[in-house]
Amino acid sequence: MLARRDWGEYEGFLVTGLARTLFDLAAVVEPEVFEAAAESGLRKNRSLYGELVTRLGELGGHGRSGTEIVREFPASRDPKAAATESVLET
């Protein structure tokens with residue numbers, strides 16, 4: 001069961017929010033794919049960096065697949081840096 005803060009409605013469809021989607025994605029893709037997706041998310045939502053850091057405590061439990069990939073993303077970049085402008089730049 002998803003927490004209410006993890007989903008919303010978009011054009012009549014129930015969808016997960018960006019942070020939750022990235023946590024789920026990290027469990028099934030290579031780190032490079034996750035990084036490209038996270039950078040794309042940052043281009044659309046500058047507060048995503050802080051949200052990922054905050055949500056690590058809630059969603060990044062021991063044994064959850066992909067947690068280490070999510071944890072490495074904010075640890076490896078400057079929180080004040082602008083998002084990359086393309087996958088190639090990432």
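**Working chat: fold, surface and two residues**

Q: How much of the protein counts as buried?
A: Of its 90 residues, 32% count as buried. Keep in mind that this is a predicted model.

Q: OK, what is the mean pLDDT?
A: The mean pLDDT of the protein is 87.

Q: Which elements have the lowest and the highest mean pLDDT?
A: Helix α3, residues 48-59, has the lowest among the elements, at 88. Strand β2, residues 13-16, has the highest, at 94.

Q: What should I do where pLDDT is low?
A: Predicted coordinates should not be read in detail there.

Q: Fine. What does the secondary structure come to?
A: Four helices and two strands.

Q: What does the C-alpha trace span along the principal axes?
A: About 35 × 35 × 25 Å.

Q: Contacts next. Taking those between residues at least 6 apart in sequence, how many join residues at least 24 apart?
A: The share is 62%.

Q: Switching to the surface. What does the accessible area come to?
A: About 5,900 Å² for the protein. Carbon and sulfur atoms hold 56% of that.

Q: Now E11. Where is it?
A: E11 sits in the loop between β1 (7-10) and β2.

Q: Buried or exposed?
A: E11 counts as exposed, because its relative accessibility is 65% and the cut-off for exposed is over 50%.

Q: What about the phi of E11?
A: E11 has a positive phi, about 50 degrees, and it is not a glycine.

Q: Last one, S86. Where is its place?
A: S86 lies in the segment after α4 (67-75).

Q: How exposed is S86?
A: S86 is partly exposed, with a relative accessible area of 30%. That value falls between the 20% and 50% cut-offs, so S86 is put in the middle class.

Q: And what separates S86 from E72?
A: Their C-alpha atoms are separated by 20 Å. Along the chain, S86 and E72 are 14 residues apart.

Notes:
Residues numbered from 1 in each chain as written. Predicted model: local features only at pLDDT ≥ 70, side-chain atom pairs only at ≥ 80, totals over all residues. Heavy atoms only, no water. pLDDT = per-residue confidence, 0-100. Buried < 20%, exposed > 50% of the residue type's maximum accessible area, 1.4 Å probe, protein only. Contact = heavy atoms within 4.5 Å. Areas by Shrake-Rupley, 256 points an atom, 1.4 Å probe, with all protein chains shown as cover.
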